[in-house]
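Take a moment with the sequence and the fold first.

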Amino acid sequence: MTASIPHLSLRDELFLLGHHDDTGQPHLHRQALALGMAGAVLIDLFLAGRITLDSYAEHPAADRWLRLNSDQPVGDLIADTALAAIRYSRATPTVKAFLRSFADDLYERTRAGLVAAGILRHTARRRLGGLVRADAYLATDAKWAVVARARLRYLAAGREQPDNHTAALAGLVAVLGLADHLYLDDDTATLTAHLKTIAAQHHRPVREITAAVDAAIGDLATATYR
């Protein structure tokens, strides 16, 4: 079923999975989702052969340096902007520094890109007797989120071997706490643990970027609740 529909970028799939299909409301703090999407951009660049992480294993994942293998564009505006940001950074950026800076307006840029691609549509609704205008961005076709969930469902059920893209998506969904929005029968804790186990079989740089996302979200939560 899923093979006939092309993958969106990890960033775009995370955006869709991070929102309620019917209301367009985010399932988590926008900045936390943006950090996850910034990590997704790095993972897609790694899988495309454009970047890697330095080999100093003693550094925590978030403090590893990003290295360019190639600055050849990948044909995705946001991903190519990330390549340029890494290339022209004054100092070699760490994963943590990249996540924090690139996530700054990534939510809005990703949403705008999905609207431009015809995957999301903007709607405006009135609430409180028409006094309050509420903007919403809804999927024009449910297939994109449904297919992403289906890939994860097949992995969770052991029906498919994880490809690089879906294994990375599993790890990001787990650290963002989105497992309970996949609409699977498994209890959330078990499903999250299973997705993390699948992701743990991935390339080391992908695991380290995912771990850096997890740490960055933890830092955000700490700063928010001080």
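## Rings and helix packing

Phe102 is buried, with a relative accessible area of 6% (buried means under 20% relative accessible area, exposed over 50%, partly exposed in between, with a 1.4 Å probe and protein chains only). Keep in mind that this is a predicted model, where local features need pLDDT of at least 70 and side-chain atom pairs count only at pLDDT 80 or more, while totals for chains, interfaces and linings use all residues. Residues are numbered from 1 along each chain as its sequence is written, and side-chain values use heavy atoms, leaving out hydrogens and water.

Phe98 is buried too, with a relative accessible area of 3%. Phe98 and Phe102 sit 4 residues apart, about one turn of the helix, in α4 (residues 95–102); helices here are DSSP runs (H or I, at least four residues), numbered from the N terminus.

How many aromatic pairs does a search of the whole structure find? It turns up 2. Rings of Phe, Tyr and Trp (its six-membered ring) pair if their centres lie within 6.5 Å; planes under 30 degrees apart count as stacked, over 60 as edge-to-face and the rest as tilted.

| Pair | Centre to centre | Angle between planes | Type |
|---|---|---|---|
| Phe15 and Tyr107 | 5.1 Å | 45° | tilted |
| Phe98 and Phe102 | 4.8 Å | 15° | stacked |

Two arginines lie over ring faces. Arg109 is over Phe102, at 4.6 Å from the ring centre, and Arg111 is over Tyr137, at 4.3 Å. To count, CZ of Arg (or NZ of Lys) must be within 6 Å of the ring centre and within 35 degrees of the ring normal.

Now for α5 (residues 106–116), the helix that holds Thr110. Thr110 is buried, with a relative accessible area of 1%. Leaving aside residues up to four places away in sequence, Thr110 touches Arg11, Asp12, Phe15, Met37 and Ile78 (contact means heavy atoms within 4.5 Å).

Helix α2 (residues 30–47) also meets α5. Arg30, Leu33, Ala34, Met37, Ala38 and Val41 on the α2 side contact Leu106, Tyr107, Thr110 and Arg111 in α5. These residues divide into 7 nonpolar, 1 polar and 2 charged (Ala, Val, Leu, Ile, Met, Phe, Trp, Tyr, Cys and Pro count as nonpolar, Asp, Glu, Lys and Arg as charged, and the others, Gly among them, as polar).

How values were computed
Helix = DSSP H or I, 4+ residues; strand = E, 2+ residues; numbered from the N terminus.
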